[in-house]
Every structure is written in structure tokens, then in C-alpha cells.
Amino acid sequence: MDLSLFINDALKIFFIFTPFFVLSAFISMTQEMEEKEKKCLALRVTFGIIVISFCVFLFGKYLFALFGITLDAFRIGAGSILFLSGVSMVGGSSNIKSAGEGNDIAIVPLALPITVGPGGIGVLLLFGAEATTLPAKLEIGAAILTASGFVGSMLFFAPLVVKAVGKQGVVILSKVTGLMISAISAQIIFTGIRNFLLL
């Protein structure tokens with residue numbers, strides 16, 4: 001396994017999961033929960049992220065074959081959606097409210113679509129289509145597990161993270177994440193356009 005490529009892909013996936021926005025949503029939606037409930041919820045969210053991500057990564061390529069979509073066309077489309085997500089994070093604000101009692105929010109909305117959103121799904125589909133060899137699949141799979149683990153750890157230790165950076169710090173880091181996502185999406189779009197023009 002190429003360590004530098006693994007680190008690069010793990011960081012990309014980590015930022016695409018919008019970790020600080022997810023943390024902000026998690027804190028807002030669990031205000032009325034006990035600490036033990038929050039930790040159990042964080043574990044379920046992490047499991048949900050892993051399952052959803054691997055389903056998209058491993059089986060998404062069949063959508064390309066079914067609808068006759070070229071990889072470069074999908075690069076442009078997925079990159080555009082991801083770019084809009086990044087811009088909304090930079091300029092917008094979250095209006096997510098506390099969850100009502102008895103509502104299971106682990107899978108919907110925390111894992112999907114807050115963490116694995118439309119842009120993230122698009123990028124995971126793209127990774128699945130590009131990873132044509134077993135080593136490549138294993139490397140991306142390890143990157144998904146690593147990124148999911150980091151996001152889950154942030155949720156599990158949410159009080160410590162918030163204490164370390166402050167609530168305003170979480171907001172600022174969420175906007176920085178939006179900038180990173182915008183840059184990643186722009187690179188995906190440019191790659192798709194370049195490849196399309198070279199055909």
C-alpha cells in the first residue's frame with residue numbers, strides 16, 4: 001500500500017464527511033441526552049457511516065453501467081454538488097434542532113445525509129469507479145475506515161473537542177472544512193473537464 005496515497009485519500013474522505021459540521025449537528029441534536037446515550041449514539045453513527053460508505057463505494061459502479069454514465073461526466077456532476085455543499089458551509093449556518101425524545105437519529109439524519117451527503121456519495125462513487133484493482137480497493141477501504149473512525153471519535157469525545165476549541169471554534173473549523181471541500185471539488189471538476197476535452 002502506498003502510504004502517501006492512503007493518507008491523501010483518508011484526508012479527502014475525512015473532509016468530505018464535513019466532520020466539524022457533523023460535530024455541531026451532533027451537539028445540537030443531543031442536548032437533552034445523557035452522556036451514556038450520547039456515546040452509544042456516536043458508536044451507532046460511526047457504524048452507519050461505515051456501512052453506507054462501503055455500500056456506495058463497492059456497488060455504486062453498477063449505476064455507471066446501468067445508466068451509461070461516463071466517469072468524467074460523473075466527476076463534473078459530483079464535483080459540482082460537492083462544491084455547492086462547500087459554499088453553503090462557508091456562507092450558511094446550521095438550523096439543526098435538538099431531536100425529540102424517542103427518535104433514533106443515528107442513521108437518519110446524522111449518518112445520512114449529514115455526514116455522507118450528496119457530495120460525499122458522489123465522491124465515494126467516483127472512488128469506486130476508479131479503484132479497478134484489489135490493492136486500490138483495499139487502500140480506499142482502509143481510508144474510509146480511518147476517516148469514519150476519526151469522525152466517530154470526534155462525536156464520542158464531543159465534550160472534550162468542544163472544550164478544547166470552543167463552540168465558536170467549531171463554527172470556524174466548519175467553515176474551514178467548507179473551503180477545503182470547495183478546493184477538492186474544484187480539482188475533481190477540472191480533472192473531469194480536462195479528460196473530456198482530451199477525448
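**Confidence.** I began with the pLDDT, the predictor's confidence in each residue on a scale from 0 to 100. The protein averages 90, and 93% of its residues reach 70 or more. This is a predicted model, so I kept local features to pLDDT of at least 70 and side-chain atom pairs to pLDDT 80 or more, while totals for chains, interfaces and linings use all residues. Residues are numbered from 1 along each chain as its sequence is written, and side-chain values use heavy atoms, with hydrogens and water left out. Among the elements, helix α8 (residues 134–156) has the highest mean pLDDT, 97, and helix α4 (residues 61–67) has the lowest, 83.

**Overall build.** I counted 10 helices and 0 strands; both are DSSP runs numbered from the N terminus, helices being H or I with at least four residues and strands E with at least two. The pattern along the sequence reads α-α-α-α-α-α-α-α-α-α. The C-alpha trace spans about 55 × 35 × 35 Å along its principal axes.

Next I checked the radius of gyration, taken over C-alpha atoms; the globule rule is 2.2 Å times the number of residues to the power 0.38. For 199 residues a compact globule would come out near 16 Å, and the protein has 17 Å, which agrees.

I then asked which residues touch, with contact meaning heavy atoms within 4.5 Å. Of the contacts with a separation of 6 or more, 90% are between residues 24 or more positions apart.

Accessible areas come from the Shrake-Rupley method with a 1.4 Å probe, and for residues only the protein chains shown count as cover. The protein exposes about 10,500 Å², with carbon and sulfur atoms supplying 71% of it. Buried residues make up 42% of the 199.

**Helix α2.** Is this helix enclosed or open? In α2 (residues 19–29), 8 of the 11 residues are buried, so the helix is largely enclosed by the rest of the structure. Those buried residues are Pro19, Phe20, Val22, Leu23, Ala25, Phe26, Ser28 and Met29. Their cover includes α1 (3–16), α3 (35–59), α6 (106–115), α8, α9 (158–165) and α10 (167–198).

Phe21 also lies in α2, but Phe21 is partly exposed, at 24% relative accessible area. From Phe21 to Ser153 I noted 132 residues in sequence and 14 Å in space, C-alpha to C-alpha.

Thr18 sits in the loop between α1 and α2. Its phi is near 45 degrees, a positive value in a residue other than glycine. Thr18 counts as buried, with 8% relative accessibility.

**Salt bridges.** How many did the search of the whole structure find? It found 2, a salt bridge being a side-chain nitrogen of Lys or Arg within 4 Å of a carboxyl oxygen of Asp or Glu. One pairs Asp72 with Arg75, with the closest N and O atoms 2.6 Å apart. These two are 3 residues apart in helix α5 (residues 71–91), so about one helical turn separates them.

Arg75 also forms a salt bridge with Glu130, at 2.5 Å from N to O. That pair links distant parts of the chain, since Arg75 is in helix α5 and Glu130 in helix α7 (residues 118–130), 55 residues apart. Together, Asp72, Arg75 and Glu130 are linked in a network. Asp72 is buried at 14% relative accessible area, Arg75 is buried at 11%, and Glu130 is partly exposed at 35%.

**Nonpolar patch.** On the surface I found a nonpolar patch of Leu63, Leu66, Phe67 and Ile69, with about 410 Å² of accessible area together. Patches are made of residues with over 30% relative accessible area and no salt bridge; like charges are joined within 9 Å, and nonpolar side chains (Val, Leu, Ile, Met, Phe, Trp, Tyr) within 5 Å. Leu66 lies in α4 and is exposed, at 63% relative accessible area.

**Cis peptide bonds.** Val108 and Pro109 are joined by a cis peptide bond with omega about 10 degrees. The bond from Leu112 to Pro113 is cis too, with omega near 15 degrees.

Methods: Buried means under 20% relative accessible area, exposed over 50%, partly exposed in between (1.4 Å probe, protein chains only).
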